[in-house]
Each structure stands twice: as C-alpha cells, then as structure tokens.
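Hello,

Here is the structure I promised to hand over. Please open it and follow along with my notes below.

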Amino acid sequence: MKRILSFFTKQTQKKNMLPCILVTKTEVKMGTFVNLQCLAESEDLALMVLEKAFALIDNLELLFSRHDSSSLLSVLNAQGKIQDFPQEFSFVLEQANKVEEKTFGAFNASVLPVLEYLETHKNISKKDLVQCFQCIQEKSIQLSEKNICLANDDTKITLDAIAKGFIVDAVGELFEQHGIVNYLINAGGDIRIRGMKSLEKGQEKSWRVAIEDPYKKGNYPAVFTLMRGALATSGNYEKNFGNNYHHIILPYLSQDNNEKKISLASLEENISPLVKSVSVLANTAMEADAYATAISCMSIETALSYVEQVNLSCFIIDAEDKVHTSKNWIVR
C-alpha cells in the first residue's frame, strides 16, 4: 500500500546496533499540524505505529472535539447529561475539575459560551458578553460512575485546553507499548518527548524544541534540548478576534483574596490575557496544556510563584515582550 510520507532513514550496518531508523510523518489533525517522529528497529515497525497513532488521534478527537456536532462532548453540551461514556472521556473531565481546583478557578472549562460568542460575532455587545460570562460556573462538571452532568442548562464546556494534551500523551503511550522509547510528538505546540533523536555512535542527537515567536518571524525566544517530558505554549497570538479579544478567556470570579482566587476588575480584563505567551514544562502533555492556559490567566508574579508550588516550570513573555522564567526553568 502506498503511503504519502515524509521520512528519512539512518541506516545501520551492524547487528545488535541500537535502533537508529528515524521516521517522521505530519498530518492535519485536531485543527492543527501534528508531527510524529520516532526511532525504531525497522521502518516497517515505525510506519505501522505511526498509522496506528493517527488512527488513535481520530478516535479520540471524536470524543473531545467541540467543532463536531456528533462528538461526545457536543452531545454532553446539547443534552446537559450523558450516561454512556468511555473511561477516557470521564478521565479528562475529572482532570479538568482537578486543575480548576488547583488553580483556584483560573482554569475553567465552562468558558465556552464566551468563546463561541467571540467566534461568531464581529460586532461585540458588552451587554451580551456579560450574559455569556454569567454562564461560567465554578465546578461546572459533575461526575459519578454512571452519569456526567453539567451544572445547569446554560453551562457548556470546552476541553480545548486539556484534551489535546491528553491525546498527545495517549500517542506517547502507544509508542511505548510497541517498544518505541525515542520519539517526539508535536500537536500544534503541545509537545511530548522521550529519548533521543539519534543514537548512532558518534552522531548522537537530542530532541530540540523551540518556544514560538509571538510575532511569527522565526525569532524564537528560547531553543533547548529535551530528553523527557512535555512542553505546551498558550499564547494570545494564536487566535485573535480583534478589538483585543482573544481565545484565552479569564474566568469572571468574585474577589476572595483569602482563597487567592483569580479576580479581575473589569470585563475587558477578563477577555484580554495579561501576557503574550506562557510555556509550561511538565511530566505530561495534558498537564502542560492545561496549566499553560491557567497560568495565562494569572498575574506574572502569581504565576512564577505558583508553578514552583505545583512542581512545574514556566517561561512567560509579557505584554512588553519581556521574558520571565520561574526559578526552576533550567533548560538550555
């Protein structure tokens, strides 16, 4: 069977040599370019696993896509309750709840009404926007063994900021199940890495990653090697609706300094992120994905202190293009 592939192969001449066949393939999935690279013992093994990986992405996207009316997420949003669901779906929702709690509400899946309004209206009415913000609920997802329910009839959720990371992790686990322990997965900036890019004696190479330039001119603010872990970047440059409205929505919560909840003074501040870009290093892509979004909703001082408390590290570009890193950001 013919396959349209972009790959190059490093040949091995000796038996018992460490696997050094590198195969890479890119497809459009989840509304972005997904690039998979892996070292394998043979080209056939690599191609077989890559085919399975993209099929897995397709299957999981059917659960989590908010753009597909037939997805399980869309069914939940339409009905407000479901009883028949796979473990993967409930797991991601459970993790969304945990991140919301751990970030004192900075991460909130129920921002979808605000996001959809901004996506579908060129002329923004602040009155209508306030009504959309009123749909955001704390603890909007209610889970039990048999049921998943949304808080009320106005609640609609998006898993854009956590499900892609989960899918990237699932692909990484698929690689490892097939004995592939050297790989790079990049789904539109959600990256998971393990091992090396080349193991050939004398030509060993680590995986190199770059933090995106907010101006898209190739002036990457950081380029470094990574041998294990995940990186995700959340930036207001990715989707801009004009008039300073962006896809990163700061949840509108009442002020409560004692609980250190994220609170903002005005509607405009809830729509406009406080920073241009936040990159998070974590053990899993799901963590990096969710916390990059949540930290975008924090003040820089709060973010730098917070990430160290939860055993993460971050790289922040503020509104004036100044770089801020947490003390434990030690990559190079």
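**What I found**

The sheet comes first. Three strands make up an open sheet, in the order β3-β5-β4, with antiparallel pairing. β3 (81-82) and β4 (141-143) are at the edges. Each has a single partner strand, so one side of each has no neighbour in the sheet. Keep in mind that this is a predicted model.

Some background: strands of a sheet pair through backbone hydrogen bonds, either parallel or antiparallel.

Now look at one pair. β4 and β5 (residues 148-150) run antiparallel and are joined by three bridges. Find Gln142, which stands opposite Cys149 in β5.

Next, the helices. Helix α3 (residues 87-102) lies across β3, β4 and β5. α3 runs at about 125° to β4.

Then turn to helix α2 (residues 72-79). Which residues of α2 are buried? They are Leu72, Leu73, Ser74, Leu76 and Asn77. What do these buried residues pack against? Their partners are the helices α1 (43-64), α3 and α4 (112-120), together with the strands β3 and β5. Just after α2 comes Gly80, with a positive phi of about 80°.

One last stop is Ser198. Its place is in strand β8 (residues 196-198). Is Ser198 buried or exposed? Its relative accessible area is 1%. The cut-off for buried is under 20%, so Ser198 counts as buried. The Ser198 side chain also reaches the backbone nitrogen of Glu200, at 3.4 Å.

Best wishes

Technical notes: Residues are numbered from 1 along each chain as its sequence is written. This is a predicted model: local features need pLDDT of at least 70, side-chain atom pairs count only at pLDDT 80 or more; totals for chains, interfaces and linings use all residues. Side-chain values use heavy atoms; hydrogens and water are left out. Two strands pair if DSSP finds at least two bridges between them. Helices (H or I, at least four residues) and strands (E, at least two) are DSSP runs, numbered from the N terminus. Contact means heavy atoms within 4.5 Å. Axes are lines fitted to C-alpha atoms, for helices over the stretch in contact, and angles run from 0 to 180 degrees between N-to-C directions. Buried means under 20% relative accessible area, exposed over 50%, partly exposed in between (1.4 Å probe, protein chains only). A polar contact is a pair of N or O atoms within 3.5 Å; within protein, one must be able to donate a hydrogen and the other to accept it, and residues adjacent in sequence count only if both atoms are side-chain atoms.
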